[in-house]
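Dear colleague,

Please find below the structure that I am handing over to you.

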Amino acid sequence: MHEVLLAAGPLRHGTVPLGEAIAFWVLGPIALAGAIGMVLLRNAVHSALSLVATMGCLGAFYLIQQGPFLGLVQIIVYTGAIMILFLFVLMIVGRDASDSLVETLRGQRWAAALLGVGFALLVAIGIGRAVSPVTPTDLNSPNAGGNNVHSIAALLFTRYLFAFELTSALLIVAAVGAMVLAHVEREGPRPSQKRLARERIRSGRPQPLPGPGVLSQHNAIGTPALLPDGSVARESVMVGSMESQEERQALPTPSAGEGGFE
Amino acid sequence: MSPYYYLVLSAALFTIGAVGVLVRRNAIVVFMCVELMLNAVNLTLVTFSRINGSLDGQIMAFFVMTVAAAEVVVGLAIITSIFRTRRSASVDDANLLKY
């Protein structure tokens with residue numbers, strides 16, 4: 001069924017069927033563009049989204065390379081679970097999501113690019129030398145008799161059973177470790193509503209902090225609210241989201257055209 | 001088209017991921033680049049599994065996915081705990097093991 005849909009099929013004399021070639025030349029550039037975009041985009045959320053595109057294309061590649069089980073696992077686990085986890089953590093870490101442009105090591109980017117080109121050449125030569133005498137076969141005989149999932153299950157629960165069990169132990173250790181690392185111990189009892197109300201009255205500012213309002217263009221915690229005359233409301237910036245007092249003082253005073261009255 | 005084109009694509013993806021690890025400063029983006037490298041290796045494994053007509057490569061890719069999931073969970077927990085103490089997710093800021 002999926003062979004018909006996804007143009008996956010047996011190799012003929014070492015070449016893939018035409019449908020698969022078309023799928024490769026459509027999806028391959030998308031995967032490459034997603035990867036390049038992930039490295040180049042300044043905003044971390046945009047990087048994560050382009051990585052999702054790349055991983056989706058890779059899942060499609062697994063599907064058309066006679067590995068339907070692995071393709072679906074790729075889509076479910078990587079784009080469904082891991083990238084969502086990345087996005088959640090990005091939302092928590094939020095303000096620091098974009099990269100700084102300061103270069104701490106001089107010439108690091110050029111060195112990295114040079115290293116990348118060298119590595120690509122090395123791998124290309126390695127592939128060229130390694131695979132040229134091999135005539136590719138395909139997965140028709142292992143996938144026959146039931147299907148891909150049955151064959152993988154048969155291998156997984158016989159020859160690779162010990163590794164499979166070890167994986168379960170690894171997953172449990174990782175889950176417990178993540179819980180321990182992310183857990184925050186509460187210091188002292190939970191503050192009561194009475195105490196909170198008293199503290200609020202005594203703080204000298206019982207009313208809430210100004211919200212972003214209709215005049216601002218963002219509602220991120222690092223972006224200050226604008227007062228009706230266009231000036232910055234300093235109380236609207238959360239304490240702690242600004243690193244230092246100097247950074248708070250250096251808040252931009254909007255020019256006449258930005259967010260104010262025209 | 002021969003299936004070796006997949007290997008070329010996977011080598012390109014791996015190289016981009018490696019360059020990203022070296023270039024980017026945000027710890028989360030560095031982590032995503034590591035994920036890209038793991039994915040590129042998975043594509044290689046699946047392609048070789050097909051070329052050689054044996055399913056062992058796919059099993060190995062499956063194990064790589066499992067290990068990558070565990071690695072992501074622990075790594076992101078470490079990043080959030082570092083962010084909680086020093087309010088930064090930049091790899092340049094965390095240069096001391098203590099404090």
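Two salt bridges (a side-chain nitrogen of Lys or Arg within 4 Å of a carboxyl oxygen of Asp or Glu) are found across the interface of chain B and chain A. Asp56(B) and Arg159(A) form a salt bridge through their side chains, at 2.7 Å from N to O.

Residues are numbered from 1 along each chain as its sequence is written, chains are lettered from A and ligands numbered from 1 in the order in which they are written, and side-chain values use heavy atoms, with hydrogens and water left out.

The contact (heavy atoms within 4.5 Å) involves 90 residues from chain A and 70 residues from chain B. About 7,000 Å² is buried between the two chains, 73% of it from carbon and sulfur atoms; buried area is the accessible area (1.4 Å probe) that two parts lose on being put together, summed over both. Met1(B), Arg25(B) and Arg50(B) supply 11% of the area that chain B buries against chain A, more than any other three residues.

As to confidence, chain A has a mean pLDDT of 78, with 73% of its residues at 70 or more. Over residues 254-262 of chain A the pLDDT is below 50. Where pLDDT is low, the predicted coordinates should not be read in detail.

Yours sincerely

Methods
Predicted model: local features only at pLDDT ≥ 70, side-chain atom pairs only at ≥ 80, totals over all residues. pLDDT = per-residue confidence, 0-100.
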